[in-house]
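Please go through the points below with the model open beside you. They start at the metal site and then turn to the strands.

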Amino acid sequence: MPTYHYRCKNCGYDFTIQRSITADPLTQCPQCKAEEIHQVYSAVPINFKGSGFYHTDKDKK
Ligand SMILES: [Zn+2]
């Protein structure tokens, strides 16, 4: 099961959660209950730098 990394914009709570890829997206902070969370993508290492690959706009911030 994939692990997702989230951060709450309201209280700053930083957490990871394991959930099914078919589950509904998490929208509510488990600590303050605000619907101000966003997913942090930088937690996933990128290991596909072999030949034949090049940077895509996924790397843009
Ligand atoms: Zn919060």
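1. The donors of the zinc ion are spaced C-x2-C-x17-C-x2-C along the chain. They are C8 (SG), C11 (SG), C29 (SG) and C32 (SG), at 2.3 to 2.4 Å. Donors here are N, O and S atoms within 2.8 Å of the metal (3.2 Å for Na, K and Ca); water is not among the atoms, so sites may look incomplete.

2. This is a predicted model: local features need pLDDT of at least 70, side-chain atom pairs count only at pLDDT 80 or more, and totals for chains, interfaces and linings use all residues. Residues are numbered from 1 along each chain as its sequence is written, and side-chain values use heavy atoms, leaving out hydrogens and water.

3. The site of the zinc ion is tetrahedral, with angles of 105 to 113 degrees among its 4 donor atoms. The cut-off for four donors is that all angles lie between 85 and 135 degrees.

4. C8 counts as buried, at 3% relative accessibility. C29 is buried too, with a relative accessible area of 1%. Buried means under 20% relative accessible area (1.4 Å probe, protein chains only).

5. Strand β1 (residues 3–8) runs antiparallel to strand β2 (residues 14–18), joined by 5 bridges. Strands are DSSP runs of E, at least two residues, numbered from the N terminus. Two strands pair if DSSP finds at least two bridges between them. R7 stands opposite D14 in β2. The hairpin of β1 and β2 has 5 residues between the strands, and G12 takes a positive phi near 80 degrees there.

6. β1 also runs antiparallel to strand β3 (residues 37–39), through 3 bridges. Y6 stands opposite Q39 in β3.

Notes: Helices (H or I, at least four residues) and strands (E, at least two) are DSSP runs, numbered from the N terminus. Four donors count as tetrahedral if all angles lie between 85 and 135 degrees; four count as square planar and six as octahedral if opposite donors are over 155 degrees apart and all others between 65 and 115; anything else is irregular. Buried means under 20% relative accessible area, exposed over 50%, partly exposed in between (1.4 Å probe, protein chains only).
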